[in-house]
Amino acid sequence: MPTIVVDVMPKPELLDPQGKAVSGAFARLGIDGFSGVRIGKRFELTVDGEVTEEVLAEARRIADEVLSNSVIEDVVGIEVAE
């Protein structure tokens, strides 16, 4: 069955305390070469049947209205993973 993957990230202008904590852990562990970490969410929607334009449009609507909080988050990707 096909799967639609939705990625949601905090808006760039907002602080990301989880990402900052991970970034700090990198420094304590001696991991370098990364200037920052931001943590988001990934949703996998399993589709019953074929992925049509209508199904993708519904996934976009759900991503905007249900899976993300538009005040603090952006939907940054919607893709079909077979």
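**View 1. Residue I4 in strand β1 of the predicted model**. I4 lies in strand β1. Its relative accessibility is 2%, so I4 counts as buried, the cut-off for that class being under 20%. Leaving aside residues up to four places away in sequence, I4 touches F43, E44, L45, V47, V51, V55, L56, A59, I78, E79 and V80. I4 and L67 are separated by 63 residues in sequence, and their C-alpha atoms are 13 Å apart in space.

**View 2. The open three-stranded sheet**. The strand order is β2-β1-β3, and the pairing is antiparallel. Strands β2 (41-46) and β3 (73-81) are the edge strands, each pairing on one side only. From one strand to the next, the twist averages 20°.

**View 3. Pairing of β1 with β2, and helix α2 on the sheet**. Strands β1 and β2 run antiparallel and are joined by six bridges. Within β2, F43 is the bridge partner of V6. Helix α2, residues 53-67, packs on the sheet and touches β1, β2 and β3. The direction of helix α2 makes about 150° with that of β3.

**View 4. A nonpolar surface patch formed by L14, V71 and I72**. Together, L14, V71 and I72 have about 250 Å² of accessible area. L14 belongs to the loop between β1 (3-10) and α1 (17-28). L14 counts as partly exposed because its relative accessibility is 31%, and that class lies between the limits of 20% and 50%.

Notes:
Residues numbered from 1 in each chain as written. Predicted model: local features only at pLDDT ≥ 70, side-chain atom pairs only at ≥ 80, totals over all residues. Heavy atoms only, no water. Patch = residues over 30% accessible without salt bridge, like charges linked within 9 Å, V, L, I, M, F, W, Y side chains within 5 Å. Areas by Shrake-Rupley, 256 points an atom, 1.4 Å probe, with all protein chains shown as cover. Salt bridge = Lys/Arg side-chain N within 4 Å of Asp/Glu carboxyl O. Helix = DSSP H or I, 4+ residues; strand = E, 2+ residues; numbered from the N terminus. Buried < 20%, exposed > 50% of the residue type's maximum accessible area, 1.4 Å probe, protein only. Pairing = 2+ DSSP bridges. Axes fitted to C-alpha atoms, helices over the stretch in contact; angles between N-to-C directions. Contact = heavy atoms within 4.5 Å.
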